[in-house]
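Let's take a friendly walk through this protein, from its overall build to a single residue. Have the viewer open as you read.

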Amino acid sequence: MKSYDLMIIGPATRDVNIDYTGVEDRSVGGAVTFCTPAARAAGAAVFAAVKAAPADRDVLDALGGDPADAALLPSAKTTLMRNEYFTADRERRNASCMAQSDPVLPEEIPAVPCRLYHLAGLLAGDFPPALLESLHSKGLLSADAQGFLRHNEGGTMRFHDWAEKLQYLPYLDFLKTDAAEAEILTGLTDRRAAAEQLHRWGAKEIVISHNSEMLAYDGTQFRTCPVKARNLSGRTGRGDTTFGAYLAMRMLGADMGEALLYATACVSLKMETPGAFRGTRADVEAYIREFYGE
């Protein structure tokens, strides 16, 4: 049986995106949809476990790669999201949810050999505590904080602190947040201070995304890397692309600084084109030489 460096687990979405000019497009989205191609491009062996309704099986096509390296976890509904952007850089948006998929249950996780399990969630309720406990016993565990902080309240997205954070942060070998999520979790606006607090609470390695730079911390050292995208037409999926590439590089043996440089260059390149990252590792390495050569 084929073994994998990481398994990326989470719901796919049907997205309605409206840009600041009012132009609408419809696409497949979700953290798993952006994480998976970025991780595969780095050279990692990736399995994607995607929660969606069986009628929406075509969402797996958005992942690219070999269909044998993905599985649909059946749900009564596929998550439906609407994103309305108010600025050209897509930093300001209003997100709403018209439907949410069922939780991912421990018994649904495909029985394939895997070193790291990444919970690429969208909404609180995507991953019940029993899943964290089960996966923690199987191998390394990683999570995106969004899947525990963002709540669907009658279609409106609201962020609340993770009530069980002190219990489950110690389960996490890797944790990804953005700057706003880090503040919700810790109450701290300084990203370095927030990363230190999250580490004290038990998360072993933290990556915090920001529109200007990416930051990583492992309890002993900080690494930062500036975002150098020449335009932001592909802003959607920034954090997910970063973390997919980062986890892949860490699983392939890169140290924290090398992984962060690669991941930041990958997402900088990805943000210049809408959709998931469709380039290669060679494309990212060329981008590093051109824009990070100093």
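## Overall build

The model is predicted. Its secondary structure comes to 9 helices and 15 strands. Along the principal axes, the C-alpha trace spans about 50 × 45 × 40 Å.

For 294 residues, a compact globule would have a radius of gyration near 19 Å, and the protein's 17 Å agrees with that. Buried residues make up 56% of the 294. If you count contacts with a separation of 6 or more, 64% of them join residues 24 or more positions apart.

## A look at Leu122

Now for the leucine. Leu122 sits in the loop that runs between strand E8 (114-119) and helix H2 (129-136). Is Leu122 buried or exposed? Its relative accessible area is 7%, so Leu122 falls under the 20% cut-off and counts as buried.

Which residues is Leu122 in contact with, leaving aside its neighbours within four places in sequence? They are Pro11, Thr13, Gly30, Ala31, Thr79, Gln146, Gly147 and Arg150. As for Ser96, 26 residues from Leu122 along the chain, the C-alpha atoms of the two are separated by 12 Å.

Note on methods:
Residues are numbered from 1 along each chain as its sequence is written. This is a predicted model: local features need pLDDT of at least 70, side-chain atom pairs count only at pLDDT 80 or more; totals for chains, interfaces and linings use all residues. Side-chain values use heavy atoms; hydrogens and water are left out. Helices (H or I, at least four residues) and strands (E, at least two) are DSSP runs, numbered from the N terminus. Buried means under 20% relative accessible area, exposed over 50%, partly exposed in between (1.4 Å probe, protein chains only). Contact means heavy atoms within 4.5 Å. The radius of gyration is taken over C-alpha atoms; the globule rule is 2.2 Å times the number of residues to the power 0.38.
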